[in-house]
Amino acid sequence: MATIDRQATTLALAHALSAAERGLAVIPLSRTKLPALRSPHRDDPDPSPCHGECGRFGHGVYDASTDPRRIRELFTAAPWATGYGIACGLHPHHLIGIDLDTKSGTDSSAALRELALRHLFTIPATVVVMTPSGGRHLWLSGPPDVVVPNSAGRLAPGIDIRGAGGYLVGPGSRTEHGVYATAPGTAHLAPARCPRELLRLLMPPPRSHHPTPPATGQQGQGLVQFVLAAHEGQRNTRLFWAACRAYENGIGPQLTDPLVEAAVQTGLTEREARSTIASAARMTTPSPRHRA
């Protein structure tokens, strides 16, 4: 059974509530940096995908909230929590975390500087969180209609990306290796806008595909259902992801109207939905100069 450090839990809750006041959705973490609450479906013989629809805690970032009452309930359910995670990709900041690691034996900071020089971008002044191992987390803000995926070492060795579906350990969290702390002079900053050139690097390369017949079939229906299941705060993210998959598989144009209709049912306007789908089309369709 986890040892309860009530002082660490109280401090973690206070930091989590402070982060929530800035619009950052949070969850409690254990000393291992993992979500403190285990899945309520872990003992189900044949669990079906659940992102919190069951109403219970234990769904990782899908539990994340900015509501003080819900956050207190989460920490009450996890009295062994000594830290908190900040969910990435959510409104209003659409947070992107650049994790500069030191454990891989590479100079990740130098690798990022080299990328910046090569691709002509500058990392703006932003929130920087120092990790107990000597690494750094840079907080950046992404556009609402772009879903940045999580990745490890794809951008460069020692650089991990925390995007939609991921989380960053919040400053003030205590782990097995020490405390996460905001770098001097950055605590008052808001996450800076991610440079466009860097944003392009963070997106996965378009996958080659072979056009399929116009009929959307079962796959198209699955993507529509995926959008219909979106909760507030997930609508643009789910729509963008579904539209990307549709265009990658050659059914984007045929599925546009059904996806728009589904998005409107979840609360988006038609204009917002069509803009998000258009962004997905641009992101997944190679430009002429990249075509063979």
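The answer below goes through the salt bridges of this predicted model.

A: The model is predicted, and its count of salt bridges comes to eight. Side chains of opposite charge can pair when their charged atoms come close.

Asp 5 and Arg 31 form a salt bridge with an N to O distance of 3.1 Å. This pair links distant parts of the chain, 26 residues apart: Asp 5 is in the segment before helix H1 (6-21), while Arg 31 is in the loop between strand E1 (26-29) and helix H2 (68-77). Asp 5 has a relative accessible area of 28%, so this residue counts as partly exposed. Arg 31 is also partly exposed, at 30%.

Glu 114 and Arg 118 meet at 2.9 Å, N to O. Both belong to helix H3 (residues 108-119); because they are four residues apart there, about one helical turn separates them. Glu 114 is partly exposed, with 46% relative accessibility, whereas Arg 118 is exposed, at 52%. The cut-off for exposed is over 50%.

In helix H8 (residues 270-284), Glu 270 and Arg 274 are likewise four residues apart, about one turn of the helix. Their side chains form a salt bridge at 3.0 Å, N to O. Glu 270 is partly exposed, at 45% relative accessible area, and Arg 274 is partly exposed, at 35%. Salt bridges with shared partners join these two residues and Asp 257 into one network.

For the protein as a whole, the mean positions of the 29 positive and 23 negative charges are 5 Å apart.

Note on methods: Residues numbered from 1 in each chain as written. Predicted model: local features only at pLDDT ≥ 70, side-chain atom pairs only at ≥ 80, totals over all residues. Heavy atoms only, no water. Lys, Arg positive; Asp, Glu negative; His and termini not counted. Charge placed at Lys NZ, Arg CZ, Asp CG, Glu CD. Salt bridge = Lys/Arg side-chain N within 4 Å of Asp/Glu carboxyl O. Helix = DSSP H or I, 4+ residues; strand = E, 2+ residues; numbered from the N terminus. Buried < 20%, exposed > 50% of the residue type's maximum accessible area, 1.4 Å probe, protein only.
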